[in-house]
Each structure stands twice: as C-alpha cells, then as structure tokens.
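Reader: I'm new to this one. Can you walk me through it?
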Amino acid sequence: MKLIIAIIKPFKLDEVREALTEIGVAGMTVTEVKGFGRQKGQTEIYRGAEYSTNMVPKIKIEIVCASDLADRVVEAIQAAANTGAIGDGKIFVLDVGQAVRIRTGETDQTAL
Amino acid sequence: MKLLTKFSGTAAVLGMTLFAALPAWAQDAALQAPAAAASAPTVDKGDTAWMMTSTILVLMMIVPGLALFYGGLVRTKNMLSVMTQIGAIAAFAMLIWVMWGYTEAFGDGGNAIIAGFGKAFLAGVTPATTAATFTEGVAIPEYVFVCFQMTFAAITVALVLGSVVERMKFSAAMVFALIWLTIVYFPVAHMVWAGNGLFFAKGALDFAGGTVVHINAGVSALVAALILGKRIGYPTEYMAPHSLTMTGIGTGLLWVGWFGFNAGSALEANGSAALAMINTFVATASAGLFWMLAERVNGHKGSALGFCSGIVAGLVAVTPAAGNSGPFGAIVLGAIASIICYYAVSVVKPKLGYDDALDAFGVHGIGGMIGALGTGVVYAPYLGGPGGADWSMGHQLWVQLQTAVTTIVWAAVGTAIAIYIAKLVTGLRVSPEVEREGLDLGEHGERAYNY
C-alpha cells in the first residue's frame with residue numbers, strides 16, 4: 001500500500017477529485033493548509049500598515065491505495081492539478097505498513 | 001437675524017425658551033429681559049417626530065454602527081471586548097447625562113465654561129417643558145432635546161476608545177468615561193453650543209459637533225494611547241483587521257445614522273436640515289472616493305478599508321460644516337479631509353510610531369480639525385455657503401482656530417487627568433497574558449466566534 005500526499009492549489013481540488021474518481025480511488029482526506037516554496041506570498045496593506053504573508057493557502061490531499069495503483073494516482077493528480085505556474089504544488093509517495101477499517105476491523109487492502 | 005439662526009449652537013438656549021429669543025441673542029436677552037416670557041413657543045409635531053428619529057439614528061451609529069466598525073478592525077480575540085466596551089461606555093454616558101451631564105452642559109445660568117446645576121437629575125424637566133430651536137417661537141419638547149444631546153455624549157466617549165482597544169481594561173474604560181465626560185465633554189459642549197458658552201459667544205461655527213465631538217474625541221484618543229502605550233507586538237506582528245465585512249457594515253450604519261447627527265442638529269425639519277442632509281451625502285461620497293484615489297496615487301490598490309476610512313473622514317469633516325456650507329463647498333471639504341487623513345494614518349502615524357490602534361486621532365482628530373477650519377472657508381457666500389455679505393473669512397477662521405486650539409488643549413489636559421485616575425483605580429492595562437490571549441476571554445470570559 002502507498003500513501004500519496006499531494007499539496008495543490010485550492011481551486012484545483014474539484015478537478016483532482018474527479019480525475020481520481022475516474023481511476024477508481026474510493027476515498028481521500030482533504031485538509032486546508034498553508035506553506036511556502038518557490039511561490040512568494042502576498043502583501044496586504046491596511047491603512048498603510050503593510051504585512052507580507054509568506055504562507056500561501058494550499059490544499060493537502062491524502063490518499064492510501066494499493067501499490068499497483070499508485071503510479072496512476074500520481075499521474076492523475078499531476079495532470080489535473082497542473083497550471084504550469086509556480087505554486088502548483090508537490091506530490092509525495094510513502095509506504096504504508098498497515099490499514100484498519102474501524103467499523104469492521106478489516107485490515108490492509110480490504111480496509112481501503 | 002436670519003443669518004444668526006445659522007450659527008451652530010445646538011439650542012444653546014434652553015434657558016432662552018422663556019424668552020423666545022434667537023440663540024445668539026442669548027446673553028443680551030438674559031441680561032436685559034429676564035421676565036419677557038410673552039407667549040409660549042410652538043411645538044411642531046413634524047419637528048418633534050424628526051428629532052426623535054434623529055436621536056434614534058445617532059443611537060444606531062453607536063450600537064451597532066461604531067461597535068461593528070471598530071470591532072471589525074481588531075483581531076478576532078478582541079472583538080467582543082470592543083463591542084462590550086462601546087456598548088457599556090455609551091450606556092454609562094446616558095446615565096451620567098441625565099444625572100449631571102445635561103445640566104452641566106445645557107442647564108440654566110452658569111458661566112462661559114459650564115452651565116448651572118439647577119437641572120441636576122433633570123429637575124424641572126417635564127413633558128410640558130421645551131427647548132428652543134433656531135427659529136423664533138418654535139421649540140421641541142425638552143425631553144427630546146435631552147435625549148438627542150445624550151446620544152452625542154455617548155458616541156463621543158465611545159469614539160475615544162478607538163485608540164486604546166486591545167489592551168485597556170474594561171473597568172479602566174468605565175472610570176475614564178466617568179471622569180472624561182465630566183471634565184472634558186460637558187464643558188466643551190457647553191462652551192461651543194450653549195448661549196453663554198465661551199466659543200458660542202465668539203461666533204464659532206460648529207453645526208453638529210466637529211469640535212465638540214471629533215476634535216475632542218480624536219485628541220483625547222491620542223493622549224490616551226500615548227499614556228497607555230503600544231500593544232504588545234506593535235508594529236511588527238500581524239494585526240490585520242479580523243473582519244472588514246463587519247467594518248463595512250458598520251460604515252454603512254454610521255453613514256445612515258449620521259443624517260440624524262447632522263441634519264438632526266438643525267433641531268427642526270426644515271431647509272437647514274435639508275442643507276445638512278445633502279452635504280452629508282456629497283461630502284461623504286467625495287471623501288470615500290478620494291481616499292481610494294490617494295491610495296492609487298501612492299502606488300497601492302484602492303481598498304475596501306480605504307473606502308470605509310474615507311467615508312468616515314468625510315462624515316467627520318462635514319459635521320461642523322453640515323448646515324454651514326453649500327453642497328460644492330462640502331464636496332471639496334470632504335476630498336481635502338480625506339486626502340489629509342490618508343497621509344495622517346498611512347504615513348505620519350507609522351513615522352511617529354504611536355499606537356492609535358483604530359486611528360481615532362488620525363480620522364476623527366485630524367478630520368475634525370480640517371472640518372473646523374474648513375467650515376470657516378466654505379461658509380463664504382461666494383463659495384456657495386450661507387454666510388451673509390458682511391461676513392469676514394479672516395475673522396471667522398481666527399475664531400475657528402481659537403476654538404479648535406482651546407479644545408485641543410482642554411481635551412489633552414482633561415484626558416491625561418482622566419486616564420491617570422483610571423490608572424490609579426483600576427491599573428489601566430490588562431496583563432500581558434490577557435493581552436496575548438485576547439481581551440474577550442481575559443476580560444469577559446467569552447469568545448466572539450465558536451465555530
């Protein structure tokens with residue numbers, strides 16, 4: 001099993017979700033996050049008081065899937081979340097040791 | 001005579017109702033003809049209804065207008081403390097007003113600084129007693145005048161809070177209000193608006209309170225902020241307004257309510273009120289746009305907060321000029337006040353480094369001064385103002401300047417006294433722990449938002 005973590009632009013969430021549903025991903029966890037990379041933050045000015053925000057709002061998606069599906073998930077996210085501009089985000093793939101469905105106690109592949 | 005009715009003293013002349021004389025004649029009449037109570041003044045139902053409406057409009061400026069305008073500008077953790085301080089301090093001012101405020105400002109007799117205390121606890125005020133308007137023989141019920149002026153006292157002391165939010169104790173705000181109203185607001189209101197008041201007698205123009213309310217509150221706010229000190233983290237930490245949406249709503253309520261404030265200050269539903277009304281539209285509209293223009297000229301984006309700030313700066317500036325200017329004079333006055341206030345809060349304040357948290361001085365103090373002096377210009381008949389042919393701008397400006405400077409000094413000294421008494425009694429400032437955690441939890445045991 002693989003854990004795929006993708007940090008994407010917030011407005012790309014719907015497209016990514018649709019692309020993943022098409023290749024059979026049955027669920028995901030989405031979190032609103034902030035962070036920075038190459039993309040610079042914004043400058044806010046309130047009556048002359050300037051604040052530069054280094055952190056940019058992003059969406060973090062977490063998906064656990066069978067190992068053989070992982071490459072297609074990564075491709076789907078990469079294609080759907082791409083705008084060609086800096087700040088499109090990153091995708092990380094990790095190995096997962098165990099999975100348990102809380103309701104039934106099913107484990108690993110059947111728990112996904 | 002007609003010209004004299006334009007002088008701003010808001011019914012300066014409660015005492016004069018007996019004599020049915022014009023406000024500016026108050027002193028002479030009082031000296032010469034104390035028994036000239038010929039015929040009872042007429043109380044017009046239209047005037048009375050308009051003044052009751054105006055009074056409620058000014059209340060709406062405070063709660064929820066000012067509470068939302070100021071509340072939106074602070075951080076989430078201090079929203080309730082701002083709304084609570086404004087509401088409670090205004091409520092306290094209302095009670096103080098009926099106990100000794102009204103008589104100290106508008107009671108019978110007294111001297112050039114304060115009135116007599118014969119109307120303490122509203123002694124002698126009944127549904128049958130009246131307050132003079134600016135038209136001979138026309139009056140409004142005295143209770144309506146008491147209430148109308150009560151709301152002015154309440155909003156003025158609430159305005160001062162704008163500079164000290166996010167760090168002053170609730171109890172300190174209440175003690176400050178008690179002292180400040182007594183030694184600053186009531187005397188200044190008397191001096192500017194009462195028939196025997198120092199500035200009224202000189203012919204100072206202050207239609208609805210540019211000096212009494214805005215210079216007074218703005219300067220007091222600056223002094224209070226200087227004594228209280230900066231907020232922890234100012235100016236390096238992120239202190240952006242938590243909800244400009246609420247500030248926008250508050251701005252709208254202030255603008256609407258300000259028609260009660262300005263047009264109501266005519267004390268009648270007549271042409272003078274109509275002039276104040278159109279000026280309260282156009283000066284404000286001009287100021288809102290010119291603030292955004294000033295932002296653009298300085299390389300920034302025209303902002304929502306800029307628009308709101310311009311609206312308030314325009315309202316402040318047109319307050320003394322409301323019934324004392326033609327519409328086009330008011331448009332220019334609004335534009336100038338807006339641009340100068342923009343530089344005061346965006347450039348001068350950061351350079352000087354004081355922490356006037358919500359720019360009570362930058363907008364009300366500076367805007368009030370421009371309005372006070374500007375009124376001495378736009379009153380000119382050749383600029384479309386209501387001044388007579390024999391009117392002298394030089395003399396008027398001199399009177400306006402004297403009034404403004406005296407008020408500045410009076411407010412500064414009085415505020416220092418009031419703040420140090422509040423410090424003695426309450427400690428003035430919340431602990432650093434409470435300040436960091438927020439005054440909502442620390443002072444009131446609540447959060448504004450429980451998602």
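Author: What follows is a short chat about chain B and its side toward chain A.
Author: This is a predicted model: local features need pLDDT of at least 70, side-chain atom pairs count only at pLDDT 80 or more, and totals for chains, interfaces and linings use all residues. Residues are numbered from 1 along each chain as its sequence is written, with chains lettered from A and ligands numbered from 1 in the order written.

Reader: What is the secondary structure of chain B?
Author: Chain B has 16 helices and three strands. These are DSSP runs, numbered from the N terminus: helices are H or I with at least four residues, strands E with at least two.

Reader: How much of chain B is buried?
Author: Buried residues are 59% of its 451. Buried means 20 or more other C-beta atoms within 10 Å of a residue's own, with C-beta atoms placed from the backbone.

Reader: What is the mean pLDDT of chain B?
Author: It is 92, and 92% of the residues in chain B reach 70 or more. pLDDT is the predictor's confidence in each residue, from 0 to 100.

Reader: Which stretch falls below 50?
Author: Residues 1-37 of chain B do. Where pLDDT is low, the predicted coordinates should not be read in detail.

Reader: New topic. How many residues of chain B are in contact with chain A?
Author: 13, against seven residues of chain A. Contact means C-beta atoms, placed from the backbone, within 7 Å.

Reader: Which helix gives the most to that side?
Author: α12(B), with four residues.

Reader: And the scores for the model?
Author: ipTM is 0.80 and pTM is 0.87.

How values were computed: A residue is buried if 20 or more other C-beta atoms lie within 10 Å of its own, exposed if 12 or fewer, and partly exposed in between; C-beta atoms are placed from the backbone. Two residues are in contact if their C-beta atoms, placed from the backbone, lie within 7 Å.
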